[in-house]
Amino acid sequence: MIQKLENDLLIVEASSWGAELQSIRDKRTGHEYLWQGNPAFWKRRSPVLFPIVGSVWDGKFHMDGKEFDMGQHGFARDMEFTPVEGTPDDEIWFRLEWTAETLERYPRKFRLEIGYKLYEIRLSVMWRVYNEDDRDMAFQIGAHPAFNLPGFNAADLVHGYFAFDTTELKSEVIAGKGCIGKVLKDITIDGDLLPIEPDTFRNDALILGGGKVHRVSLLDKERHPYLTLLFPAPYVGLWAPKPDAPFVCIEPWWGRADDYGFTGDFSRKVAVNTLEPGKRADFEYMILIDNI
C-alpha cells in the first residue's frame, strides 16, 4: 500500500512494505530526488535497517546464550507494516509488531513505528522503538536512503560533492565479511568538499563515526546545493554500489556492523542501543531539499 504526503512544493510517497520511502518529487517540475530502485544497480530506495545495521560476523549473532542467523541490515525492510490510522494530515505512520516468526530470528518482543512528516521543503523521518519484552532489548536502527545524482553522466570525472559540518573526516574500514577492522582512514577533501568520483566507494562504504558528523549535503557538479540530511546519529555511511551508479546513499545510523571476528553477545557489540522493558526510544533525521 502506497501512502502520500503533499504540499505546494513536494510530493512524498511511502510504502507499507518495509515502511520504505518510494518518492520525493518536486511538484512543479516533476524532478525525482529519490533513487527509483533500478535492479541493474540496486533494487531498493530507502530501506529502514532494524534490528541490526550492517553485517554480523558470519551472518550470525548471539543472544541469551543462543545463536541466531541474521542477514545484512536485519529483516524489517522485507516485512509488511500496518498503516496507522488517525494520523495528522501532514504525517504518515506505519507499524510492525513482533510475531512468532520474528522471535525465531531475534528473541525480543518489539514494536517498531516509522513515520514521515512533510513541512515546506523538510521531510522528517521518525522511528519509535518499543520494548514489549520482559528483558532488556539490545538493537540497532539506521537509514539507507538513495538520492539521484543531478545531471549524472557516467563519463564525468566528478559526479557531485559532499559537504559536512566538519573538516576532520576519518572513515572506519570494512576488513572482511562486511565487518569493521581496526584501521581508520583519513578522508581527503577539496577545500570544504568531498568529490564524488568513480572510485570514491572502491572499498565499499565510507563510515564516519564518533558522533562528529551531523550534517551531510549533496551538491551538484557545479557545487550548487541539492539536498541536505540533518541527524543526531553517531554514525553516517556514504555508499554507492558501482563506479557508474547514478545515485549515492547518505545513511544516518544508530549502530554499525560487527567488529571483524566478533562473536560475543549482541548486547556487548560496538554501537548497540539498549532499551528497558516497557520503554520507548525515539530517533529522527531530516531531509531538506535545497534547490527548490
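This is a predicted model: local features need pLDDT of at least 70, side-chain atom pairs count only at pLDDT 80 or more; totals for chains, interfaces and linings use all residues.
## The three-stranded sheet

Start with the sheet of three strands. Its order is S1-S2-S3, and the sheet is open. The pairing here is antiparallel. Two strands sit at the edges: S1, residues 2-6, and S3, residues 21-26. Each of these edge strands pairs on one side only. From one strand to the next, the twist averages 15°.

Now look at one pair in this sheet. S1 pairs with S2, which spans residues 10-15. Five bridges join S1 and S2, and their sense is antiparallel. To find the pair in the model, look for Ile2. Opposite Ile2 stands Ser15, a residue of S2.

## The nine-stranded sheet

Another open sheet is built from nine strands. Read across it, and the order is S7-S8-S9-S10-S24-S20-S19-S14-S17. The pairing is antiparallel in this sheet. Its edge strands are S7 (82-83) and S17 (193-196). S7 and S17 each pair on one side only.

S9 covers residues 110-119, while S10 covers residues 122-131. They run in the antiparallel sense and share ten bridges. One point of reference is Leu112, which stands opposite Val129 in S10.

## The largest pocket

Next comes open space. The largest pocket holds about 340 Å³. Its lining is made of 20 residues. Five of them are the closest to the pocket's centre: Gln72, His73, His144, Asp204 and Trp239.

What kinds of residue line this pocket? Nine are nonpolar, six are polar and five are charged.

## The cavities

A probe the size of a water molecule, rolled over the atoms, shows where empty space is left. The structure has three cavities of 30 Å³ or more. In the largest cavity there is about 60 Å³ of space.

Which residues line the largest cavity? They include Leu149 and His159. Ile196, Glu197, Pro198 and Phe201 also belong to the lining. So do Ala240, Lys242, Pro243, Ala245 and Val248. By kind, the lining has eight nonpolar residues, one polar residue and two charged residues.

Key
Residues are numbered from 1 along each chain as its sequence is written. Side-chain values use heavy atoms; hydrogens and water are left out. On a 1 Å grid over the protein atoms alone, a cavity is a set of points where a 1.4 Å probe fits but cannot get out, and a pocket is an open set with protein on both sides within 12 Å along at least five of seven lines; lining residues have an atom within 4 Å of a point. Grid points are joined across faces, edges and corners, and a volume is the space filled by probe spheres set on the points. Ala, Val, Leu, Ile, Met, Phe, Trp, Tyr, Cys and Pro count as nonpolar, Asp, Glu, Lys and Arg as charged, and the others, Gly among them, as polar. Two strands pair if DSSP finds at least two bridges between them. Helices (H or I, at least four residues) and strands (E, at least two) are DSSP runs, numbered from the N terminus. Axes are lines fitted to C-alpha atoms, for helices over the stretch in contact, and angles run from 0 to 180 degrees between N-to-C directions.
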